[in-house]
Amino acid sequence: MFNNVLMPVDLGHPESWQKALPAALDLTSAGGVLHLMTVVPDFGMSLVGNFFPKDFEQQALSEAKQHLQELARDQIPAGTAVQTHLAHGATVDRILQMANELSVDLIAMASHEPDQMREFLVGSNADRIVSKSPVSVLVVRG
């Protein structure tokens, strides 16, 4: 149905993929490629980085890559065309950048149940991606 589907996951929260992954797999079942992606946030301000060990960011990236590959190996059926992608920086920006670089047809992602106060204060990554994405976005409620 889709040739390239990008599915961002938060490796620290299984609810970010448990319900959305079956939908993404279904959408690529006719020969499409599933692109699993995770984003490791940066420190934002260099002052913050000074509180962590020197190799902390590199170690976080290495561990994230390993966990993403394990997720793909353990949760995606053999024979499925899947690629894993690791990004570093602002989550929404990196997801949209990856969607553009890969020329995806669809972004499939999970979203948590709305919490009005949280949404008012910080918003939702899913909301931001839906509003800025140049391609369709499937949001699966967790």
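User: Why is Val5 called buried?

Analyst: In this predicted model, Val5 has a relative accessible area of 0%. Buried means under 20%, so Val5 with its 0% is called buried.

User: Thanks! Where does Val5 lie, and which residues does Val5 touch?

Analyst: Val5 lies in strand β1, residues 4-8. Leaving aside residues up to four places away in sequence, Val5 touches Ala24, Thr28, Val33, Leu34, His35, Leu106 and Ala108. As for Gly32, 27 residues apart from Val5 along the chain, the two C-alpha atoms are separated by 7.5 Å.

User: What makes β2 and β3 a pair?

Analyst: Happy to go through that one. Two strands pair if there are at least two bridges between them. Seven bridges join β2 (residues 33-40) to β3, so β2 and β3 count as paired. The two strands run parallel, and one of the bridges links Met37 to its partner His85 in β3.

User: What is the strand order of the open sheet, and which are its edge strands?

Analyst: The five strands have the order β3-β2-β1-β4-β5, with parallel pairing. The edge strands are β3 (82-88) and β5 (136-141), as each pairs on one side only. Neighbouring strands of this sheet are turned by 25° against each other on average, ignoring direction.

User: Which helix lies across β2 and β3, and how does it run relative to β3?

Analyst: That is α3, residues 56-75, which lies across both strands. The angle between α3 and β3 is about 160°.

Note on methods
Residues numbered from 1 in each chain as written. Predicted model: local features only at pLDDT ≥ 70, side-chain atom pairs only at ≥ 80, totals over all residues. Heavy atoms only, no water. Helix = DSSP H or I, 4+ residues; strand = E, 2+ residues; numbered from the N terminus. Axes fitted to C-alpha atoms, helices over the stretch in contact; angles between N-to-C directions. Contact = heavy atoms within 4.5 Å. Buried < 20%, exposed > 50% of the residue type's maximum accessible area, 1.4 Å probe, protein only.
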